[in-house]
Amino acid sequence: MIIIARHKVEITGINTSEIKVLTDKEKETLFKRLKKGDAKARDLLAEGNLKLVLSILKKYQNKTDNMDDLFQIGCVGLMKAIDNFDLKHGVKFSTYAVPLILGEIRRYLRDNSNLRISRSIKDLAYKILKTKEEYFMDTGKEMTNDEVCKILNVEEIDVIVALDAMKDPVSMFEPIYNNGGDTIYLEDQIENNKEKASNWDITISLGDAIKSLKEKEKKIITERFLIGKTQMEIAEEIGISQAQVSRLEKGGIENIKKKIL
(Lines give C-alpha, C1' and ligand atoms only; values in the text may rest on other atoms or scores of the structure.)
Protein backbone atom coordinates (compact mmCIF):
# COMPACT_ATOMS: atom_id res chain seq x y z
CA MET A 1 0.00 0.00 0.00
CA ILE A 2 1.15 3.55 -0.74
CA ILE A 3 0.48 6.26 1.83
CA ILE A 4 0.94 9.86 0.73
CA ALA A 5 1.03 12.18 3.71
CA ARG A 6 1.88 15.83 4.01
CA HIS A 7 5.52 15.38 5.01
CA LYS A 8 6.37 11.80 4.07
CA VAL A 9 5.48 9.03 1.68
CA GLU A 10 5.39 5.33 2.48
CA ILE A 11 5.46 2.35 0.11
CA THR A 12 4.23 -0.90 1.61
CA GLY A 13 5.15 0.31 5.06
CA ILE A 14 8.63 1.53 4.08
CA ASN A 15 9.34 5.15 4.93
CA THR A 16 10.68 6.68 1.75
CA SER A 17 12.54 9.31 3.73
CA GLU A 18 15.06 6.49 4.21
CA ILE A 19 15.43 5.91 0.47
CA LYS A 20 18.76 7.16 -0.86
CA VAL A 21 18.57 10.12 -3.23
CA LEU A 22 21.38 10.16 -5.75
CA THR A 23 23.46 13.25 -6.40
CA ASP A 24 23.99 14.42 -9.98
CA LYS A 25 27.57 13.16 -9.81
CA GLU A 26 26.44 9.71 -8.61
CA LYS A 27 23.85 9.53 -11.40
CA GLU A 28 26.48 10.42 -13.97
CA THR A 29 28.78 7.66 -12.68
CA LEU A 30 25.98 5.09 -12.69
CA PHE A 31 24.89 5.99 -16.22
CA LYS A 32 28.45 5.51 -17.41
CA ARG A 33 28.48 2.08 -15.73
CA LEU A 34 25.09 1.25 -17.25
CA LYS A 35 26.33 2.11 -20.71
CA LYS A 36 29.09 -0.45 -20.22
CA GLY A 37 26.51 -3.12 -19.42
CA ASP A 38 26.45 -2.98 -15.60
CA ALA A 39 22.97 -4.26 -14.67
CA LYS A 40 23.51 -3.35 -11.02
CA ALA A 41 23.85 0.30 -12.02
CA ARG A 42 20.34 0.16 -13.53
CA ASP A 43 18.89 -1.10 -10.25
CA LEU A 44 20.71 1.58 -8.26
CA LEU A 45 19.45 4.30 -10.61
CA ALA A 46 15.88 3.03 -10.19
CA GLU A 47 16.12 2.91 -6.39
CA GLY A 48 17.79 6.31 -6.24
CA ASN A 49 15.03 7.98 -8.27
CA LEU A 50 11.91 6.53 -6.62
CA LYS A 51 11.26 9.84 -4.90
CA LEU A 52 10.93 11.43 -8.34
CA VAL A 53 8.01 9.10 -9.06
CA LEU A 54 6.47 9.75 -5.65
CA SER A 55 6.72 13.52 -6.04
CA ILE A 56 4.71 13.21 -9.28
CA LEU A 57 2.14 10.92 -7.63
CA LYS A 58 1.22 13.63 -5.13
CA LYS A 59 -0.45 15.51 -7.96
CA TYR A 60 -2.77 12.55 -8.59
CA GLN A 61 -3.64 11.47 -5.06
CA ASN A 62 -7.17 12.91 -5.36
CA LYS A 63 -7.78 11.58 -8.88
CA THR A 64 -7.62 7.83 -8.32
CA ASP A 65 -8.20 5.35 -5.51
CA ASN A 66 -5.59 2.91 -6.75
CA MET A 67 -2.28 4.58 -5.95
CA ASP A 68 -0.51 1.21 -5.91
CA ASP A 69 -1.17 0.75 -9.63
CA LEU A 70 -0.24 4.34 -10.33
CA PHE A 71 3.08 3.89 -8.54
CA GLN A 72 3.84 0.82 -10.66
CA ILE A 73 2.95 2.73 -13.82
CA GLY A 74 5.16 5.62 -12.73
CA CYS A 75 8.03 3.16 -12.24
CA VAL A 76 7.51 1.91 -15.81
CA GLY A 77 8.05 5.47 -16.99
CA LEU A 78 11.12 5.78 -14.75
CA MET A 79 12.68 2.61 -16.18
CA LYS A 80 11.93 3.78 -19.70
CA ALA A 81 13.73 7.04 -18.90
CA ILE A 82 16.73 5.19 -17.40
CA ASP A 83 17.05 2.87 -20.42
CA ASN A 84 16.90 5.70 -22.94
CA PHE A 85 18.75 8.51 -21.18
CA ASP A 86 22.02 9.65 -22.68
CA LEU A 87 24.45 12.01 -20.96
CA LYS A 88 24.96 13.62 -24.38
CA HIS A 89 21.47 15.13 -24.08
CA GLY A 90 23.02 17.78 -21.86
CA VAL A 91 20.07 17.90 -19.43
CA LYS A 92 19.57 16.63 -15.90
CA PHE A 93 18.09 13.15 -15.64
CA SER A 94 15.09 14.46 -13.68
CA THR A 95 14.33 16.94 -16.48
CA TYR A 96 14.39 14.08 -18.97
CA ALA A 97 12.50 11.57 -16.80
CA VAL A 98 9.54 13.66 -15.61
CA PRO A 99 7.78 13.88 -19.03
CA LEU A 100 8.16 10.12 -19.53
CA ILE A 101 6.83 9.28 -16.07
CA LEU A 102 3.94 11.71 -16.51
CA GLY A 103 3.24 10.26 -19.95
CA GLU A 104 2.87 6.74 -18.58
CA ILE A 105 0.62 7.89 -15.72
CA ARG A 106 -1.61 10.00 -17.97
CA ARG A 107 -1.88 7.18 -20.51
CA TYR A 108 -2.97 4.81 -17.76
CA LEU A 109 -5.55 7.26 -16.40
CA ARG A 110 -6.93 7.93 -19.89
CA ASP A 111 -7.29 4.23 -20.67
CA ASN A 112 -9.12 3.69 -17.38
CA SER A 113 -11.28 6.81 -17.56
CA ASN A 114 -15.09 6.83 -17.79
CA LEU A 115 -14.81 9.67 -20.30
CA ARG A 116 -15.36 8.28 -23.81
CA ILE A 117 -13.29 9.65 -26.68
CA SER A 118 -13.76 8.57 -30.30
CA ARG A 119 -11.36 5.86 -31.45
CA SER A 120 -10.04 7.94 -34.38
CA ILE A 121 -9.12 10.87 -32.11
CA LYS A 122 -7.61 8.53 -29.51
CA ASP A 123 -5.54 6.71 -32.18
CA LEU A 124 -4.23 9.99 -33.56
CA ALA A 125 -3.40 11.23 -30.07
CA TYR A 126 -1.43 8.06 -29.33
CA LYS A 127 0.50 8.44 -32.60
CA ILE A 128 1.30 12.05 -31.73
CA LEU A 129 2.40 11.16 -28.19
CA LYS A 130 4.48 8.22 -29.42
CA THR A 131 6.16 10.42 -32.05
CA LYS A 132 6.89 13.14 -29.49
CA GLU A 133 8.16 10.61 -26.97
CA GLU A 134 10.54 8.96 -29.44
CA TYR A 135 11.85 12.35 -30.52
CA PHE A 136 12.38 13.35 -26.89
CA MET A 137 14.21 10.11 -26.16
CA ASP A 138 16.54 10.68 -29.11
CA THR A 139 17.22 14.38 -28.64
CA GLY A 140 16.21 15.35 -25.09
CA LYS A 141 14.11 18.16 -26.65
CA GLU A 142 10.38 18.72 -27.00
CA MET A 143 8.91 18.36 -30.48
CA THR A 144 6.79 21.20 -31.88
CA ASN A 145 3.32 20.68 -33.36
CA ASP A 146 4.62 21.80 -36.77
CA GLU A 147 7.20 19.02 -36.73
CA VAL A 148 4.54 16.49 -35.71
CA CYS A 149 2.30 17.62 -38.59
CA LYS A 150 5.07 17.08 -41.15
CA ILE A 151 5.94 13.61 -39.87
CA LEU A 152 2.35 12.34 -39.52
CA ASN A 153 1.02 14.33 -42.49
CA VAL A 154 -1.90 15.83 -40.58
CA GLU A 155 -3.28 19.33 -40.10
CA GLU A 156 -2.24 21.33 -37.03
CA ILE A 157 -5.86 21.70 -35.93
CA ASP A 158 -6.15 17.88 -35.84
CA VAL A 159 -3.08 17.70 -33.60
CA ILE A 160 -4.47 20.35 -31.25
CA VAL A 161 -7.92 18.72 -31.05
CA ALA A 162 -6.46 15.25 -30.44
CA LEU A 163 -4.14 16.42 -27.67
CA ASP A 164 -6.83 18.56 -26.01
CA ALA A 165 -9.24 15.62 -26.04
CA MET A 166 -6.74 13.52 -24.13
CA LYS A 167 -6.15 15.99 -21.32
CA ASP A 168 -7.22 15.03 -17.84
CA PRO A 169 -10.78 16.15 -16.98
CA VAL A 170 -10.93 19.03 -14.50
CA SER A 171 -13.56 19.39 -11.77
CA MET A 172 -15.80 22.45 -11.93
CA PHE A 173 -14.96 22.91 -8.26
CA GLU A 174 -11.20 23.01 -8.94
CA PRO A 175 -9.75 26.13 -7.26
CA ILE A 176 -7.98 28.25 -9.90
CA TYR A 177 -7.05 31.31 -7.82
CA ASN A 178 -6.61 32.22 -4.19
CA ASN A 179 -4.82 35.32 -2.98
CA GLY A 180 -5.41 34.60 0.69
CA GLY A 181 -9.03 35.71 0.55
CA ASP A 182 -11.99 34.22 -1.29
CA THR A 183 -11.15 31.26 -3.53
CA ILE A 184 -12.21 31.44 -7.20
CA TYR A 185 -13.33 28.10 -8.60
CA LEU A 186 -13.51 27.01 -12.25
CA GLU A 187 -17.33 27.07 -12.19
CA ASP A 188 -17.17 30.81 -11.40
CA GLN A 189 -15.52 31.41 -14.79
CA ILE A 190 -18.01 29.37 -16.83
CA GLU A 191 -20.86 31.17 -18.54
CA ASN A 192 -24.25 30.15 -17.21
CA ASN A 193 -26.23 29.60 -20.42
CA LYS A 194 -29.29 28.47 -18.48
CA GLU A 195 -29.44 31.78 -16.65
CA LYS A 196 -28.69 33.63 -19.87
CA ALA A 197 -31.54 31.82 -21.63
CA SER A 198 -33.96 32.65 -18.83
CA ASN A 199 -33.31 36.37 -19.41
CA TRP A 200 -34.43 36.25 -23.04
CA ASP A 201 -38.05 37.03 -22.09
CA ILE A 202 -36.87 40.16 -20.26
CA THR A 203 -34.74 41.21 -23.25
CA ILE A 204 -37.66 40.77 -25.65
CA SER A 205 -40.06 42.66 -23.32
CA LEU A 206 -37.55 45.50 -22.95
CA GLY A 207 -37.20 45.79 -26.74
CA ASP A 208 -40.96 45.90 -27.21
CA ALA A 209 -41.31 48.50 -24.42
CA ILE A 210 -38.72 50.81 -26.02
CA LYS A 211 -40.44 50.49 -29.41
CA SER A 212 -43.74 51.60 -27.84
CA LEU A 213 -42.27 54.91 -26.56
CA LYS A 214 -42.93 58.24 -28.20
CA GLU A 215 -40.22 59.28 -30.66
CA LYS A 216 -38.52 61.81 -28.35
CA GLU A 217 -38.60 59.42 -25.38
CA LYS A 218 -37.22 56.62 -27.54
CA LYS A 219 -34.41 58.83 -28.89
CA ILE A 220 -33.46 60.09 -25.43
CA ILE A 221 -33.51 56.63 -23.81
CA THR A 222 -31.51 55.12 -26.67
CA GLU A 223 -28.87 57.85 -26.75
CA ARG A 224 -28.59 58.07 -22.96
CA PHE A 225 -28.27 54.38 -22.15
CA LEU A 226 -27.03 52.74 -25.36
CA ILE A 227 -24.78 55.43 -26.81
CA GLY A 228 -23.89 57.11 -23.50
CA LYS A 229 -24.61 60.76 -24.27
CA THR A 230 -25.24 63.29 -21.51
CA GLN A 231 -28.55 65.07 -21.06
CA MET A 232 -26.87 68.33 -22.10
CA GLU A 233 -25.58 66.81 -25.36
CA ILE A 234 -29.03 65.48 -26.21
CA ALA A 235 -30.67 68.80 -25.32
CA GLU A 236 -28.38 70.68 -27.73
CA GLU A 237 -28.92 68.05 -30.43
CA ILE A 238 -32.74 68.14 -30.44
CA GLY A 239 -33.12 71.82 -29.45
CA ILE A 240 -34.77 71.60 -26.01
CA SER A 241 -33.65 72.36 -22.46
CA GLN A 242 -31.81 69.91 -20.24
CA ALA A 243 -34.76 70.00 -17.81
CA GLN A 244 -37.08 68.86 -20.62
CA VAL A 245 -34.68 66.03 -21.53
CA SER A 246 -34.64 64.96 -17.87
CA ARG A 247 -38.46 64.91 -17.70
CA LEU A 248 -38.75 62.95 -20.97
CA GLU A 249 -36.11 60.50 -19.76
CA LYS A 250 -37.93 59.86 -16.49
CA GLY A 251 -41.24 59.54 -18.31
CA GLY A 252 -39.75 57.06 -20.77
CA ILE A 253 -38.29 54.95 -17.95
CA GLU A 254 -41.62 54.88 -16.14
CA ASN A 255 -43.38 53.76 -19.34
CA ILE A 256 -40.83 50.98 -19.82
CA LYS A 257 -41.32 49.80 -16.24
CA LYS A 258 -45.08 49.59 -16.77
CA LYS A 259 -44.53 47.38 -19.81
CA ILE A 260 -42.08 44.88 -18.34
CA LEU A 261 -42.97 44.73 -14.62
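1. Of the 261 residues in the protein, 31% are buried; buried means under 20% relative accessible area, exposed means over 50%, and partly exposed is in between, with a 1.4 Å probe and protein chains only. This is a predicted model, in which local features need pLDDT of at least 70, side-chain atom pairs count only at pLDDT 80 or more, and totals for chains, interfaces and linings use all residues. Residues are numbered from 1 along each chain as its sequence is written, and side-chain values use heavy atoms, with hydrogens and water left out.

2. The protein has 13 helices and five strands. Helices (H or I, at least four residues) and strands (E, at least two) are DSSP runs, numbered from the N terminus. Among contacts in the protein with a separation of 6 or more, 54% are between residues 24 or more positions apart. Contact means heavy atoms within 4.5 Å.

3. Helix α1 covers residues 24-35, which is twelve residues. From its first C-alpha to its last, α1 reaches 17 Å, close to the 16 Å expected at 1.5 Å a residue; the expected span is 1.5 Å times one less than the number of residues. Which residues of α1 are buried? They are K27, L30, F31 and L34. These residues lie on the same side of α1, because they cover an arc of only 105° around the axis. The arc is that of the directions from the helix axis to the C-beta atoms.

4. After α1 comes G37, which has a positive phi near 100°.

5. Two packed helices are described by the angle between their axes and the distance between the axes. Axes are lines fitted to C-alpha atoms, for helices over the stretch in contact, and angles run from 0 to 180 degrees between N-to-C directions. For α2 and α4, the angle is about 135° and the axes are 10 Å apart. That angle makes α2 oblique to α4. Angles under 35 degrees count as roughly parallel, over 145 as roughly antiparallel, 65 to 115 as roughly perpendicular, and the rest as oblique. On the α2 side the contact is made by R42, L45 and A46, and on the α4 side by L78, M79, I82 and D83.

6. The axes of α4 and α5 come within 8 Å and cross at roughly 140°. This makes α4 oblique to α5. The crossing is right-handed; a crossing is right-handed if the near helix is turned clockwise from the far one by less than a right angle, and left-handed if anticlockwise. Residues making the contact include L70, I73, G74 and G77 of α4 and F93, Y96, A97 and L100 of α5.

7. Is helix α3 (residues 50-57) mostly covered or mostly uncovered? It is mostly covered, with six of its eight residues buried. The buried residues of α3 are L50, L52, V53, L54, I56 and L57.

8. N153 sits in the loop between α7 (145-152) and α8 (156-165). N153 is not a glycine, yet its phi is positive, about 55°. With a relative accessible area of 69%, N153 is exposed.

9. Helix α11 (residues 215-227) packs with α12 at an angle of about 140°, and their axes are 10 Å apart. The two helices are therefore oblique to each other, and α11 passes α12 in a right-handed crossing. In this pair, K219, I220, E223 and R224 of α11 meet Q231, I234, E237 and I238 of α12.

10. In α12, the buried residues are Q231, I234 and A235. They are on the same side of α12, because their arc around the axis is only 105°. The buried residues of α12 pack against α11 and α13. Just after α12 comes G239, with a positive phi of about 75°.

11. E237 belongs to helix α12 (residues 231-238). Its relative accessible area of 39% makes E237 partly exposed. Apart from neighbours within four places in sequence, E237 is in contact with K219, E223 and K229.

12. R247 lies in helix α13 (residues 242-260). Is R247 buried or exposed? R247 counts as exposed, because its relative accessibility is 55%. R247 and E217 are 30 residues apart along the chain, and their C-alpha atoms are separated by 9.5 Å.
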